[in-house]
Amino acid sequence: MKKTYTLALLFFVTLVAPSVLYAQCEDVTVDSLTNPGPFDIATLTEADGLRNGPDYFGATVYYPTNANPPYASIAIVPGFVSLPSSVEEWGPFYASHGIVTIIIGTNSLFDLPEARAEALLDALETLRQENLRDTSPLEGELDTDKFAVSGWSMGGGGAQRAAVLDNTIKGVVALCPWLLDPELNHDTSVLILSGQDDPTAPPEDHANVHYNEIPEATNKLLFEIENGNHSVANTPNGGDGVAGRLALSWLKLYVEDNDCYCPILNDNLLVNPPAASMVQSSFECELLSIAENKLEISIFPNPTQNSINVRVPGDIHFIMYSTVGQLLLEGDLSGNNKQIDVSHLSQGIYHLRLGNEMVRVFKN
């Protein structure tokens with residue numbers, strides 16, 4: 001028995017040793033996804049000179065005061081007959097992690113998703129103008145190519161529609177979204193947070209339908225929070241904090257283009273998540289190479305249920321191991337359609353060696 005444990009330990013050390021090459025990501029861990037984050041924050045309103053947009057009613061901008069610009073930004077709108085206060089906890093959370101956040105009200109509490117989409121686009125225009133306003137503390141501090149949108153309920157439906165209307169938006173976080181007959185043909189990365197027991201926007205009528213309507217080529221993730229109601233994602237604390245950790249990682253990865261958050265999602269947050277009643281995903285993110293002569297390798301979807309697509313220049317040999325070093329699969333990948341069938345494997349974590357690189361694969 002001792003020999004078995006020794007072999008397993010040696011295999012584990014072999015896998016972990018190359019992580020020293022990830023020095024640029026050493027501060028990015030699940031434990032770093034705190035609420036609040038590491039930065040101090042301040043706020044701006046129209047009383048401070050903030051633009052009054054015609055397509056929304058009132059706004060508050062939350063921004064970090066001691067982070068390093070230029071900043072990515074996100075606009076958030078509440079749901080039907082709801083005020084900005086219903087989602088305001090997202091503002092200081094994102095800002096304390098270095099993401100400027102504008103939370104807006106609607107011209108009418110009864111605005112439908114399409115009007116809320118227009119309100120979000122108007123809020124992004126306010127941020128563009130704030131980046132140019134010479135008396136603003138955010139003058140020249142915003143990266144206007146890194147915008148995201150979010151919303152709750154009908155606001156979540158509006159956020160998804162905003163991505164259809166403006167293809168420059170880089171990320172969407174839809175919070176228990178409500179949107180009937182969705183038309184969501186766009187390529188903006190989308191995270192959908194839904195509640196299993198949501199009576200207002202039942203997942204089978206809204207979130208699940210939205211996920212299926214988003215093109216398969218678009219990076220997308222649906223996370224249904226177990227026993228969650230319609231307001232389970234109104235704060236980053238929803239699902240014992242999983243809402244905030246997922247949303248922040250998604251924005252860091254796809255809006256800030258920080259690849260360090262790829263393993264946070266794949267290795268941690270989406271591996272047998274205790275807060276989830278259902279997870280669906282189809283997203284691709286860059287793998288950090290562990291070899292000196294690194295290859296441009298990506299695998300997707302990961303997590304997967306049936307097969308893994310491998311994107312790598314040229315032909316390559318692969319070997320798949322269990323977590324204790326048992327050889328499970330081996331073969332060669334060639335041509336344009338490089339795919340590994342894992343449908344027969346049990347749910348869990350596996351180690352895939354591609355040439356001289358090792359990556360983790362998660363089987364749902």
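Student: Where does the model come from?
Tutor: This is a predicted model: local features need pLDDT of at least 70, side-chain atom pairs count only at pLDDT 80 or more, and totals for chains, interfaces and linings use all residues. Numbering runs from 1 along each chain as its sequence is written, and side-chain values use heavy atoms, with hydrogens and water left out.
Student: How many helices and strands?
Tutor: Seven helices and 16 strands. These are DSSP runs numbered from the N terminus (helices H or I, at least four residues; strands E, at least two).
Student: What share of the protein is buried?
Tutor: Buried residues are 54% of the 364. Buried means under 20% relative accessible area, with a 1.4 Å probe and protein chains only.
Student: Switching to N208. Which helix holds it?
Tutor: N208 sits in helix α5, residues 207–213.
Student: Buried or exposed?
Tutor: N208 is buried, because its relative accessible area is 16%.
Student: What does N208 touch, leaving aside neighbours within four places in sequence?
Tutor: N208 is then in contact with P203, L222, E224 and M278.
Student: Last one: what box do the C-alpha atoms fill?
Tutor: Roughly 70 × 45 × 40 Å, along the principal axes.

Key:
Buried means under 20% relative accessible area, exposed over 50%, partly exposed in between (1.4 Å probe, protein chains only). Contact means heavy atoms within 4.5 Å.
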